[in-house]
Amino acid sequence: EWDRWLLMGLIGTAVGMLGFLICQIIDSLIKLKWDLVENYLQTWSMGANVIIYLSTGQDGNIHMTWLCVLGSGLAMVVLSSGSVLFFCPAGSPSGLPEIIGYLNGTSIQHLFNIKTFLGTFVSCVLAVASGLFCGPEGPMVHLGALLGCGLGQLQPDALGVDLPIFRFRNSADKRSFITAGTGAGIASVFRAPIGGLLFTLEEVSSFWDIRLAWQTSFCCLMATFTTDLLSSSFYGFVYRGHFGFFEAEKRIIFWNLLDINILAFIPTILLGTLGGLLGALFVSLNIKINKLRMQFFNSIPRLSLRKTSKLLETVLILVISCVPLVASLGSGRNFLALDVGCIFSFLCSSEQGSAAALLVENGKQGITYLLKRGTHEEFGYTSLCTALAFYFILSCWTAGSAVGSGLVIPMLYTGALYGRIIGLIFVSIFGVQTNKYGAWIDPGLFAAIRAASFFSGVSRLTISLTVIMVSVLS
């Protein structure tokens, strides 16, 4: 079966290249958006990589700043929502439930075609870059499955070439390649090949055997390797040299591990239960929102007007998501930003500005700030609670709207927010611990564990989630 293994490797390589491409385009669009905003802010440098952005009304144009961010975000959201509403309805919103349904025996029209691939790709990239509270993980799983289906069903004889290989035409082979593509999508996003394999085993497919497990593992390894190989040499589509040199710090959220005391397992168990309760609340609230959404849109008789209403809903979500930017600009404070393509960071001089900056930042960067070790007093209770309430509701509303979006980043962000609140409570009770026995009382460590618990509470994943989190965080 060497040709089957070869095809699995090709699928993994293609998914890895696609994952790299999506991340680079999203980062480039975010950088472009904030470069436009920079024209209306007073800036000055304080070193090689540090810039101060002043958002007061004296020298910076607050109104033009807000209009620039909102205008660019609206343009992306309209294109994102329009691509799935008018171009490929099968691409909305994430595609993961449809993939699971197909692999378990449900036939869904237009799920695997080139229009769905293009529409999902465009919608995912623009939705994440626009500033909506979502991530690229769900659409990446759908795109991986699409690549697995497309490459697995290639017909060389249609091009006048009769090859004695790649003759996989039955439904069982098709499901196998789709399953491998799904796992490769997860592996590419999180750089976790074993996590991708376990995700397909635990969540996606009901038809499984040991041969498929080995082949899916190989596919996930190829996807992770390809994404890491390309990311090691390119940043923003600019070649930076060092081809093939894998820098762990470039892709891992934090690097130094902490020794942990057995006492840490007591709050971990209790707050893991809290994560499950909050996850159940998130799912319940999302189901109610989607029911209301369906009732409202089904009450509109005309199809064109119904699609337009769905598009306007995504626009409304983005406008509300830009409220933190208005708050941050209105606070009249200085914001310190590391030169990584983002304007605002968590280092603000007020609780209002700190909460606003947490929500203005893109999801991945915000999670990095929340999970950072040794930052016991970077955020206060007011800013964290405000950001938690705002992000919880907006991400729940965004899930199910007419854009290609994923829930992994919102789940990790929400869990990290309430985990950091719990960490601050422990710091307030026991103080900042400098000895090795109390080093586990760290808000960043609590944020990491709570992010995993909330993720598990929403997704009902356990083993695969543990492997993914270990791969990402250590």
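This is a predicted model: local features need pLDDT of at least 70, side-chain atom pairs count only at pLDDT 80 or more; totals for chains, interfaces and linings use all residues.
User: How many residues of helix 6 are buried?
Analyst: Helix 6 covers residues 171-190, which makes 20 residues. Its first and last C-alpha are 29 Å apart, close to the 28 Å expected at 1.5 Å a residue. The helix is mostly covered, and the number of its 20 residues that are buried is 15.

User: Which residue follows helix 6, and what is its phi?
Analyst: Helix 6 ends at residue 190. The residue that follows the helix is Arg 191, and its phi is positive, near 55°.

User: Is the aromatic pair of Phe 392 and Phe 454 stacked or tilted?
Analyst: A search of the whole structure finds 11 aromatic pairs. In the pair of Phe 392 and Phe 454, the ring centres are 6.2 Å apart and the planes make an angle of 55°. Planes count as stacked under 30 degrees and as edge-to-face over 60. The pair of Phe 392 and Phe 454 is therefore tilted.

User: Which helices does the pair of Phe 392 and Phe 454 link?
Analyst: Both Phe 392 and Phe 454 are buried. They are 62 residues apart, and their pair links distant parts of the chain. Phe 392 lies in helix 14 and Phe 454 in helix 16.

User: Is Phe 430 buried or partly exposed?
Analyst: Phe 426 and Phe 430 form a stacked pair, with 6.0 Å between centres and 25° between planes. Both lie in helix 15, 4 residues apart, about one turn of the helix. Phe 426 has a relative accessible area of 18%, so it is buried, as the cut-off is under 20%. Phe 430 is at 46%, so it counts as partly exposed.

User: Which residues does Leu 18 touch, not counting residues up to four places away in sequence?
Analyst: Leaving out residues up to four places away in sequence, Leu 18 touches Phe 117, Phe 121, Met 140, Leu 143 and Leu 147.

Technical notes: Residues are numbered from 1 along each chain as its sequence is written. Side-chain values use heavy atoms; hydrogens and water are left out. Helices (H or I, at least four residues) and strands (E, at least two) are DSSP runs, numbered from the N terminus. The expected span of a helix is 1.5 Å times one less than its number of residues. Buried means under 20% relative accessible area, exposed over 50%, partly exposed in between (1.4 Å probe, protein chains only). Rings of Phe, Tyr and Trp (its six-membered ring) pair if their centres lie within 6.5 Å; planes under 30 degrees apart count as stacked, over 60 as edge-to-face and the rest as tilted. Contact means heavy atoms within 4.5 Å.
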